[in-house]
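Subject: Structure handover

Dear colleague,

Here is the structure you are taking over. My notes on what was found follow below it.

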Amino acid sequence: MVRVLSDIGEKAQEIDVAQAEKDLKQAQEAMINPALSIDIAAALIAVQHAEARIEAARRAGAKEE
């Protein structure tokens, strides 16, 4: 049994990989060069979210081939 609690959901086939990669790069840059107003924890969550989206899209693409 699996229980998933989430506020949002996204089909892997609908993920814009280019946008997810852009989001990942921005989040990584925020962690490397944090401004005084940047929350490092939020940047880390953004990195993890973008990585998960990219991985899901790539796995879905591999299944289609």
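In these notes, buried means under 20% relative accessible area, exposed means over 50%, and partly exposed is in between (1.4 Å probe, protein chains only). This is a predicted model, so local features need pLDDT of at least 70 and side-chain atom pairs count only at pLDDT 80 or more, while totals for chains, interfaces and linings use all residues. Residues are numbered from 1 along each chain as its sequence is written, and side-chain values use heavy atoms, with hydrogens and water left out.

Helix α1

Helices are DSSP runs (H or I, at least four residues), numbered from the N terminus. The expected span of a helix is 1.5 Å times one less than its number of residues. For the 16 residues of α1 that gives 22 Å, and the end C-alpha atoms are 22 Å apart, which agrees. Ala20, Leu24, Ala27 and Ala30 are the buried residues of α1. They sit on the same side of α1, because they cover an arc of only 125° around the axis (the arc is that of the directions from the helix axis to the C-beta atoms). Exposed Ala18, Lys25 and Ile32 are carried on the face of α1 turned away from its buried side. At the start of α1, the backbone nitrogen of Ala18 has a side-chain oxygen of Asp16 within 3.2 Å.

The nonpolar core

A nonpolar core here is a set of buried Ala, Val, Leu, Ile, Met, Phe, Trp, Tyr and Cys residues joined through side-chain atoms within 4.5 Å. The largest one has 6 residues: Ala20, Leu24, Ala27, Val47, Ala50 and Ile54. Both α1 (17–32) and α2 (40–64) supply at least two residues of this core. In soluble globular proteins, nonpolar side chains tend to be buried together. Val47 is in contact (heavy atoms within 4.5 Å) with Leu24, Ala27, Gln28 and Met31, leaving aside its neighbours within four places in sequence.

Salt bridges

A salt bridge is a side-chain nitrogen of Lys or Arg within 4 Å of a carboxyl oxygen of Asp or Glu. The whole structure has 4 of them.

What does Arg53 contact, apart from its neighbours within four places in sequence? The list is Glu10, Ile15, Asp16, Ala20 and Asp23. Arg53 lies in helix α2 and is buried, with a relative accessible area of 13%. Glu10 is partly exposed, at 44% relative accessibility.

Asp23 is partly exposed, with a relative accessible area of 26%.

Arg59 is exposed, with a relative accessible area of 56%, whereas Glu55 is partly exposed at 38%. Returning to Arg53, salt bridges that share partners join Glu10, Asp23 and Arg53 into one network.

Regards

Note on methods:
Polar contact = N/O pair within 3.5 Å; in protein donor to acceptor, adjacent residues only side chain to side chain.
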